[in-house]
Amino acid sequence: MSKSDRPLSPHLSIYRWPITMTLSILHRATGVAMSLGFVVLVAWLFDAASGEESYATFVEAMGSTIGGLMLIGWSFAFFFHLSNGVRHLFWDTGRGFEKQQANASAWFVLVAATVLTAGFWMMLP
Amino acid sequence: MNLRAPLGRVLGLGTAKDGTSHWWGQRVSAIALLLLGLWFVISLTTMSDFGHAEVVAAIERPVNGILLLLLTVTMAYHSYLGIQVVIEDYVHAPGVKVLALILSRFTHVVLVTAAVFAILKIGLST
């Protein structure tokens, strides 16, 4: 193989990571995270059905610092996956694929997910 | 000249053997979860607190029980479809892939059965 001086494409060293790629991988990551969160949702229902004692154990586990952080993470995952899911459903109609549109909707989803998560925790009892 | 058999053309399933059913199932469950999910988080914000008595009283209400059943069943289905794609994308060894897919399906069925059992137990206990 002879080495050529022709440039490689994409130019990996000067490649700017686009926001749309962040959202793409976040959509999958939040989906997987919520699949794990589904276990906790089922545990919540199951412990509630099993009686006060099991329910108290669940509340204690989720009331810990780690439990609280996980709940915040899952709530963000939920609102992000929901907002970006709407973006995907909109794309399914064949619209919104222009570069500026995709970038704008990406930032809109990020802001919406953050605002919804914050609003949710402020409205919780 | 079309080399596809008439039966294959009628079924329209293509080389993956399941046609657009995976894609379509994911989208339809996504629309359902958009509504059910919003109902769920709004319901959480209207709770007075998350003590045992309050949570059981909320699940006991038939409307809440039915919507929770729909939420957990649809969520398990949507989650299974998503995890299936993740496994197919990242696990390449055929044996491990099939094992992971079976394990995922078993796990989802067990989880949704536990959820349905718990909701019905609370809802039908009175």
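Modeller: Let me start with a definition: two residues are in contact if their C-beta atoms, placed from the backbone, lie within 7 Å. This is a predicted model, in which local features need pLDDT of at least 70 and side-chain atom pairs count only at pLDDT 80 or more, while totals for chains, interfaces and linings use all residues. Residues are numbered from 1 along each chain as its sequence is written, and chains are lettered from A and ligands numbered from 1 in the order in which they are written.

Biologist: Ok, take F79(A) then, what is F79(A) in contact with, leaving aside its neighbours within four places in sequence?

Modeller: With those neighbours set aside, F79(A) is in contact with A113(A), L116(A) and T117(A). F79(A) sits in helix 3 of chain A, where helices (H or I, at least four residues) and strands (E, at least two) are DSSP runs, numbered from the N terminus. The C-alpha atoms of F79(A) and A112(A) are 8.0 Å apart in space, although 33 residues separate the two in sequence.

Biologist: And does F79(A) count as buried or exposed?

Modeller: F79(A) counts as buried, because it has 23 C-beta neighbours inside 10 Å. The rule is that a residue is buried if 20 or more other C-beta atoms lie within 10 Å of its own, exposed if 12 or fewer, and partly exposed in between, with C-beta atoms placed from the backbone.

Biologist: How do helix 3 and helix 4 of chain A pack?

Modeller: Helix 3 (residues 65–91) and helix 4 (residues 99–123) of chain A pack at an angle of about 145°, and their axes are 8 Å apart. Axes here are lines fitted to C-alpha atoms, for helices over the stretch in contact, and angles run from 0 to 180 degrees between N-to-C directions. Among the residues that meet there are F76(A), F79(A) and F80(A) in helix 3 of chain A, and A112(A), L116(A) and F120(A) in helix 4 of chain A. By class, the residues of this contact are nine nonpolar, five polar and one charged. In that count Ala, Val, Leu, Ile, Met, Phe, Trp, Tyr, Cys and Pro are nonpolar, Asp, Glu, Lys and Arg are charged, and the others, Gly among them, are polar.

Biologist: Stepping back, what does chain A look like overall?

Modeller: Chain A has four helices and zero strands, which gives the pattern α-α-α-α along the sequence. Its radius of gyration, taken over C-alpha atoms, is 21 Å, well over the 14 Å that the globule rule gives for 125 residues, so chain A is more spread out than a compact globule. That rule is 2.2 Å times the number of residues to the power 0.38. The C-alpha atoms of chain A fill a box of roughly 70 × 40 × 25 Å along the principal axes, and 25% of the residues of chain A count as buried.

Biologist: What about chain B?

Modeller: Chain B has five helices and zero strands. The radius of gyration of chain B is 20 Å, again well over the 14 Å from the globule rule for 126 residues, so chain B too is more spread out than a compact globule. Its C-alpha trace spans about 70 × 30 × 25 Å along the principal axes, and 19% of its residues count as buried.

Biologist: How many residues does each chain give to the contact?

Modeller: Chain B gives 27 residues and chain A gives 23 residues. On the side of chain B, the elements that supply two or more residues are helix 2 (21–46), helix 3 (52–60), helix 4 (62–90) and helix 5 (94–123). That side has 18 nonpolar, six polar and three charged residues.

Biologist: Which residues touch the most other members of the largest nonpolar core?

Modeller: They are L45(A), A48(A), A115(B), A118(B) and I119(B), out of 36 residues in that core. A nonpolar core is a set of buried Ala, Val, Leu, Ile, Met, Phe, Trp, Tyr and Cys residues joined through C-beta atoms within 7 Å. Helix 1 of chain A gives the most to this core, with nine residues.

Biologist: And what is A118(B) in contact with, beyond its sequence neighbours?

Modeller: Leaving aside neighbours within four places in sequence, A118(B) is in contact with L45(A), F46(A), A48(A) and A49(A).

Biologist: Last one, where is Y55(A) found?

Modeller: Y55(A) is found in helix 2 of chain A, and Y55(A) is buried, with 21 other C-beta atoms within 10 Å.
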